[in-house]
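I went through them one at a time.

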Amino acid sequence: MSYVDEVYARVVAKNPAEPEFHQAVKEFLESIRPIVDKHEEEYRKNALLERLTEPERQIRFRVPWVDDKGQVQVNTGYRVQFNSAIGPYKGGLRFHPSVYMGIIKFLGFEQIFKNSLTGLPIGGGKGGSDFDPKGKSDREIMAFCQSFMTELYKHIGADVDVPAGDIGVGGREIGFLYGQYKRITGKYEGVLTGKGLSYGGSLARTEATGYGLLYFTDELLKINGKDIKGMTAVVSGAGNVAIYAIQKAEELGVKVLTCSDSTGWIYDPDGIDVPTLKEVKEVNRARLTQYKEKRPNSVYHEGRGVWTVKADLAFPCATQNELNLDDAKTLVANGVVAVCEGANMPSTLDATEYLKSNGVIFGPAKAANAGGVGTSALEMSQNSERLSWTFEEVDAKLKQIMINIVHNIDEAAKEAGKPGDYVAGANIAGFLKVADAMNAQGIV
């Protein structure tokens, strides 16, 4: 059995009932297999892959809080500090009922290489809770966030671990979390990113993941001899990533036809209207049925079906494993040119392979959605220097980060003898930097 296969078998055995983590590790190991085979003796002796797939620290804790009826509720909190070889742990917090240790480990593992690809000095981590913010009052969310931070603060810091937002954690939640951290520690430091502009946040952070996805896609199409202007796109999701991906896509001359939430999806033949979408989702926190009310020419569908709409580009921006093999077959049949991932691991392994084998340009999440964490690192830099950059300055740095990622993963894929395989390119480019740092720092 090869070293890669041994390590994967060990991961599955040591982490039972965590399929998302298994999937992330399998995709990664298969991509770097050619590199590992060349250095198998050295890597095996130093247990490099075992150390890479084993988190440095896994933290699980109880989060008690009181709801508006005076009833005590109890949730579970998590923080996985996966790898700090190239910098302090960096990765978001996810508040969603589906959260458990396996999801946090998959996200933290992906974060190692995503952060490496940005070229910035940040390691990989992730956290969250099975708490559901939907339907909760602001006071209930504050109570939960304060209880959550009362435990988490012990494990984080500006030079140790810097969380950010993710699904269910936006500006409101970050504000409550930061206030409690400051109250407990007495420190006003850049320990969280995605903060409000009045207390250390960065301009363009809100837009960064969605904008970055489109900067990445634009450059990826360019190196493949294609022009994004005039193309059509389908987008899943209606959260932060999807909204700003749609906004930037339309600025680049793309007509976006769809968006979705957890109950249904919208098809708008005139192109998704971003101001209306923002009003429905960011202001009213309502369902997409309200979008239909405001845009009578659009069509609302219950359930899922975004990928059935014919378009040149597809951007899965909702959640993991939302695009399956049947969806991939539909996209290919409809002539899709490129699929670039805005969410974390939104495509199943068989869907990814089908798209690649049918000539679709595929931009994997750890490269395509790295703009969010890249701008979080820029926020950390501003906090450290006690500076605030303009929107244009941050946006220009973000765009350059994404352009650099495209060329780095393209070059890595070619060097590995897999031209055009950007999954392999992203994994290899991200891995080599982390492996070099790990080897330089000894057996730790």
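Entry 1, strand S6. I began with the pairing of S6 and found that 2 bridges join S6 to strand S7 (residues 255-256), the two running parallel. Strands here are DSSP runs (E, at least two residues) and helices likewise (H or I, at least four), numbered from the N terminus; two strands pair if DSSP finds at least two bridges between them. The chain gets from S6 to S7 through helix H9 (residues 240-251), and this β-α-β crossover is right-handed. Right-handed is meant as follows: with the strands pointing away from the viewer, the path from the first strand over the helix to the second runs clockwise. Opposite Val256 in S7 I found Ala233.

I then looked up strand S11 (residues 313-316), which is joined to S6 by 4 bridges and runs parallel to S6. Here Val234 stands opposite Ala314. S6 itself (residues 232-236) is mostly covered, with 4 of its 5 residues buried. Buried stands for under 20% relative accessible area, exposed for over 50%, and partly exposed for what lies in between (1.4 Å probe, protein chains only).

Note on the source. The model is predicted, so local features need pLDDT of at least 70 and side-chain atom pairs count only at pLDDT 80 or more, while totals for chains, interfaces and linings use all residues. Residues are numbered from 1 along each chain as its sequence is written, and side-chain values use heavy atoms, with hydrogens and water left out.

Is Lys248 buried or exposed? Lys248 counts as buried because its relative accessible area is 8%. Not counting residues up to four places away in sequence, Lys248 touches Tyr211, Leu214 and Tyr215; contact means heavy atoms within 4.5 Å.

S5 (residues 161-164) holds Val162. I checked both faces of S5 and found them covered: Asp161 and Pro163 are buried on one side, Val162 and Ala164 on the other. Val162 counts as buried because its relative accessibility is 0%. Leaving aside neighbours within four places in sequence, the contacts of Val162 include Tyr89, Lys90, Gly91, Val191 and Met380. Strand S3 (residues 89-95) runs parallel to S5 and is joined to S5 by 4 bridges. Gly91 stands opposite Pro163 in S5. I also looked up a pair 96 residues apart along the chain: the C-alpha atoms of Val162 and Thr258 are separated by 34 Å.

Beyond four places in sequence, Ile266 is in contact with residues including Leu257, Ile272, Leu288, Tyr291 and Val299. Between the C-alpha atoms of Ile266 and His301, 35 residues apart along the chain, I read 6.4 Å.

How many cavities of 30 Å³ or more does a search of the whole structure find? The search finds 1. A cavity is a set of points on a 1 Å grid over the protein atoms alone where a 1.4 Å probe fits but cannot get out; lining residues have an atom within 4 Å of a point. The largest cavity has a volume of about 60 Å³. Among the residues lining the largest cavity are Glu27, Glu110, Met345, Thr352 and Lys366.

Notes: 1 Å grid on protein atoms, 1.4 Å probe; cavity = no way out; pocket = protein on both sides within 12 Å on 5 of 7 lines; lining within 4 Å. Points joined across faces, edges and corners; volume = space filled by probe spheres on them.
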